[in-house]
Amino acid sequence: MSKNKILEIKDVSYRYKDAKKDEYVLKNINYNFELGKVYAIKGKSGSGKTTLLSLISGLETKYTGNIYYNNKDLKKIDLDTYRNTYIGIVFQSYNLLPHLTASENIILSMDISKVKVKNKKEKAIELMQSVGLNESFANRRVLKLSGGEQQRIAIARSLSYNPEIILADEPTGNLDKDTEDEILTIFKDLAHKENKCVIIVTHSKNVCDNADVVYELKNNKEK
Amino acid sequence: MYILKNALTSITRNKGRNILIAIIIIVISASCAITLAIRQSASDIVTAYQNKNPIEVTIGMNRNNLMNSLKDGDKTQEEMIDAFNEIEPITEEEINNYGDSKYVKEYYYTYSLGINGKDLEEATDSLVKEKTEVKTETTPWGGDREGRGPMGGDFASKKTTTKTTEKIFNEKAQNGVFQLIGYNSYEDMKDFINGNYQITDGEVSNDFDSASCVISEELATLNELSVGDKITLVDVDDDKNTYEFTITGIYKENTDESNNMASMFSNSANEIITNVNVIKNILSKNEDLSATITPTFILNSKDDIEKFNKEVEDKDISEYYTLVNNLEQIENATASIDNVKNFATTFLIITLIIGSVVLVVINMINIRERKYEIGVLRTIGMKKIKVSCQFMLELLIVCIVSLMLGALIGSFTSVPVANSLLKNEIENTTSSYDDVSKNFGIDKGERPADNGHKYNFGIAQIKQVDKIDAVVDFKVLGELLGIGVLLTLLSSLASMVTISRFSPLTILKERS
């Protein structure tokens, strides 16, 4: 077993509450994820990509099988702490708080995770700069930012407490090609330079091409 | 700490929503402040009134039993009076026995003796004191000749004027033109303590053995008496027994102007106030004299009235006596203010119910509006309890600021509102009394029950409360704050349940 393995999905099956008995969205999924790599999970619409991401992030808990983070079963750990400390989530629709400024969104995430940072505002600006946004964006309300800028803020937020895993659900789905490339560069740097495990759920061929490992969800079968 | 920071940010960044909530809470809290202030002040006034006018019980004649007993058989009026005179008076020993009760806070008694004065004019409106009858007697052939009879004989008639003082003597009735009232101590002189009587010149002697007295202003004016003068009183049945008193003070009675409209003198004009020992001394010299002992038992609370009555009955009080209390008088005196208090209480309850419902609804709408925010916070790992706390804290901050503003508005409006309510209530009550009075042919302002009578079996009359100073004090603020916090918690409870049911995934999916 690789010593870089951070996440293990073992025999995971999932079906919706109102689905028929054998109508699974995910069935017997077995994946391993390591630090320092970018993973792409691709598949057609309805193949369960986002559902898988929800299971990994601990937002959905009613599944069979097991998901291990650092050999700890997600079913046995506090999922709020797991989400605010060990994983960072980036959504397609950014999911930033509109009444807060860019830096406040990032600082709030630090506050929730209880990460010890001397000057949180400075750290937030530093994170924003790391995703290609300068200081002038710090005090802007997020609704006044473009899609690409909001996505960068969402990535900066997910990095604010230095998690080991970054989960991204269609992070470039709303972005143009150039911005998509820039975002992908950030993710690759996070994996290769900062030794994080980046898991991206995507339709995009470009994203898959840039990933180190690609998993495809098709008819409940792994590629 | 970040929860507070986040709550404050959320409040300031969502002004419209929070101003709307604040306006509603200000209206509710101002109403609550006014009603709480009215309730508080009304309670204070009633308590102060009850302390100033405690529950007093005295012993009076049980007229029902007396009349039933007297009607027994075919008794003549004289026999009935004799039977009445045979009823044993209440003794000092019996009073001490009744007063020795756990329900009695304190007790005292006064001696009252009817007495006459020597060269002392009483205060009375009556000009004719004796009944004068003129009789014309016709005597045939005698006396002065006035005419002739039908048979031709002469007849004489003569006019005789006779003064008749025909009355049935009642030993228990108070005789004598003056009432000599004896007290044991200053503490017993409740009329002076309550301000019904007030010394205008001199003082009440603190020597409760001396032959000193205080007299009314009317008596002093009529007889040109002043402090230091001496007056001589005589027994009603034997004017050879004389008693000399030194006047140490002159008092006036602070009566309600509406009382005793029929007389130019106050009810107490002929009262000469002295001490018990002097009266006992007079009684010891003349065995035929009988003084009335009027006890007053001050009870711990109104709840003790029935228990005390039972205890006194068990101690074998004569069936011809009954215990009379001033509860009704006290309740009547504070009736208007009690009504205002009850109205305030009802209004407070309604306000709180409506306020709670409105707050819960606002909170639920607020939560629904902020579903997305909840979803994001939950997704980035904020615990349900902390999300709930933040939302509750936001409401609490808005609530407290609004409560303070509401209390401020309440403090300016509570006094005029309370007095307006009380004024209306008193007008209603007075109008009701006037209607009853008119039926009795009594002047406005007088009530049939207390027309001209200062005493009700020894219990002093109690003046109605007609002013309420309903201020928003720290106690009211405390209550208001308590209500505010309670309402916030209650309304937040509903939102907490809602938040706990929200699945962040579902919220974000719905959003997408």
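Reader: What is the handedness of the crossing where α3(A) passes α4(A)?
Author: Right-handed: that is how α3(A) passes α4(A). Bear in mind that this is a predicted model.

Reader: What about the angle and the axis distance for α3(A) and α4(A)?
Author: The two helices pack at an angle of about 115°. Their axes are 9 Å apart. α4(A) covers residues 120-130.

Reader: So how are α3(A) and α4(A) oriented, roughly?
Author: Roughly perpendicular to each other. Angles of 65 to 115 degrees count as that.

Reader: Which residues meet there?
Author: From α3(A), Ala102(A), Ser103(A), Ile106(A), Ile107(A) and Met110(A). On the α4(A) side they meet Lys120(A), Lys121(A), Lys123(A), Ala124(A), Ile125(A), Leu127(A) and Met128(A).

Reader: And by class, how does the contact of α3(A) with α4(A) divide?
Author: Eight residues are nonpolar, one is polar and three are charged.

Reader: Switching to the contact between the chains. How many residues does each chain give?
Author: Chain A gives 18 residues and chain B gives 18 residues.

Reader: Which helices of chain A each supply at least two residues?
Author: α2 (79-86) and α3 (102-113) of chain A do, on the side that touches chain B.

Reader: Which element gives the most to that side of chain A?
Author: α3(A), with five residues. That is the helix that also packs against α4(A).

Reader: What's the class make-up of the side of chain A that touches chain B?
Author: Six nonpolar, eight polar and four charged residues.

Reader: Over to chain B. How do α2(B) and α11(B) pack?
Author: At an angle of about 160°, with their axes 9 Å apart. α2(B) spans residues 15-52, and α11(B) spans residues 335-369.

Reader: How are α2(B) and α11(B) oriented to each other, then?
Author: Roughly antiparallel. The cut-off for that is an angle over 145 degrees.

Reader: Left-handed or right-handed crossing, where α2(B) passes α11(B)?
Author: Left-handed. By class, the contact of α2(B) with α11(B) has 16 nonpolar, seven polar and four charged residues.

Reader: What's buried in α8(B)?
Author: Val276(B), Val278(B), Ile279(B) and Ile282(B) are buried. The helix runs over residues 276-285.

Reader: How much of an arc do they cover around the axis?
Author: Only 165°, which puts them on the same side of α8(B). As a general point, an α-helix has 3.6 residues a turn, so residues three or four places apart point the same way.

Reader: What do the buried residues of α8(B) pack against?
Author: Strands of chain B: β2 (104-118), β6 (178-183), β10 (242-253) and β11 (271-275).

Reader: Which exposed residues are on the face of α8(B) turned away from its buried side?
Author: Ser284(B) and Lys285(B).

Reader: Now backbone angles. What is the phi of Asn70(A)?
Author: Positive, about 50°, although Asn70(A) is not a glycine. Most residues other than glycine have a negative phi.

Reader: Where is Asn70(A), and is it buried or exposed?
Author: Asn70(A) is in the loop between β4 (64-69) and β5 (72-73) of chain A. Asn70(A) is exposed, with 12 other C-beta atoms within 10 Å.

Reader: And what is the phi of Asp316(B)?
Author: About 65°, positive again, and Asp316(B) is not a glycine. Asp316(B) is found in the loop between α9 (304-314) and β13 (321-325) of chain B.

Reader: Is Asp316(B) buried or exposed?
Author: Exposed, with 9 other C-beta atoms within 10 Å.

Reader: Back to chain A. Where does Asp189(A) lie?
Author: In helix α6 of chain A, residues 177-192. Asp189(A) is partly exposed, with 15 other C-beta atoms within 10 Å.

Reader: How far is Asp189(A) from Gly36(A), in sequence and in space?
Author: They are 153 residues apart in sequence. In space they are 9.3 Å apart, C-alpha to C-alpha.

Reader: Last topic, the chains as a whole. How many helices and strands does each have?
Author: Chain A has seven helices and 10 strands. Chain B has 15 helices and 15 strands.

Reader: How many residues of each chain count as buried, in percent?
Author: For chain A, 48% of the 223 residues. For chain B, 32% of the 512 residues.

Reader: And what share of the contacts in chain B joins residues at least 24 apart?
Author: 83%, among contacts between residues at least 6 apart in sequence. In chain A, residues 24 or more positions apart account for 70% of the contacts with a separation of 6 or more.

Technical notes:
Residues are numbered from 1 along each chain as its sequence is written. Chains are lettered from A and ligands numbered from 1 in the order in which they are written. This is a predicted model: local features need pLDDT of at least 70, side-chain atom pairs count only at pLDDT 80 or more; totals for chains, interfaces and linings use all residues. Axes are lines fitted to C-alpha atoms, for helices over the stretch in contact, and angles run from 0 to 180 degrees between N-to-C directions. Helices (H or I, at least four residues) and strands (E, at least two) are DSSP runs, numbered from the N terminus. Angles under 35 degrees count as roughly parallel, over 145 as roughly antiparallel, 65 to 115 as roughly perpendicular and the rest as oblique. A crossing is left-handed if the near helix is turned anticlockwise from the far one by less than a right angle, and right-handed if clockwise. Ala, Val, Leu, Ile, Met, Phe, Trp, Tyr, Cys and Pro count as nonpolar, Asp, Glu, Lys and Arg as charged, and the others, Gly among them, as polar. Two residues are in contact if their C-beta atoms, placed from the backbone, lie within 7 Å. A residue is buried if 20 or more other C-beta atoms lie within 10 Å of its own, exposed if 12 or fewer, and partly exposed in between; C-beta atoms are placed from the backbone. The arc is that of the directions from the helix axis to the C-beta atoms.
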